[in-house]
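Reader: Hello! Could you help me learn to read a protein model?
Author: Gladly; let us look at it together.

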Amino acid sequence: KIGSVAITVDEFTGDGSTTMFVMSQSESDATNILVSIGGVYQQPTTNYSVTGYQTNLTSPPPAPGVNPNKIVVVHNLNFAKNNRRKFQNVCTLHLL
């Protein structure tokens, strides 16, 4: 929980072809969420975009058994961009 807003996490599994995933809440800006694939954080607007409830990845995550294919989307991170890296480092420890 950050302040009075609870963090929401969506998890998906890559299949080697799907690039669009439906999130549990709507977002208006890709920088309001963190997306990781196999524990590697993705760059907003470069590696993914958002449209309402949809996360659209620029490349499909690997299929099961090929590479780490777990997709994690973390919501409710409306904070200054210079604090993103600090928060990503903390999330890495908790999401692995």
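Predicted model: local features only at pLDDT ≥ 70, side-chain atom pairs only at ≥ 80, totals over all residues.

Reader: Which order do the strands of the open sheet have?

Author: In general, strands of a sheet pair through backbone hydrogen bonds, either parallel or antiparallel. Strands (E, at least two residues) are DSSP runs, numbered from the N terminus, and two strands pair if DSSP finds at least two bridges between them. Here four strands form an open sheet in the order E1-E6-E3-E4, with antiparallel pairing. Strand E1 (8-13) and E4 are the edge strands, each pairing on one side only. Between the antiparallel E1 and E6 there are six bridges, and Asp10 stands opposite Val73 in E6.

Reader: Is Val72 buried or exposed?

Author: Buried means under 20% relative accessible area, exposed over 50%, and partly exposed in between (1.4 Å probe, protein chains only). Val72 lies in strand E6 (residues 70-75), and Val72 is buried because its relative accessible area is 5%. From Asp10, Val72 is 62 residues away in sequence but 5.8 Å away in space, C-alpha to C-alpha.

Reader: What is the phi of Thr45?

Author: Most residues other than glycine have a negative phi. Thr45 has a positive phi, near 65°. Thr45 sits in the loop between strand E4 (40-41) and strand E5 (48-57), and Thr45 is exposed, at 63% relative accessible area.

Definitions and conventions
Residues numbered from 1 in each chain as written. Heavy atoms only, no water.
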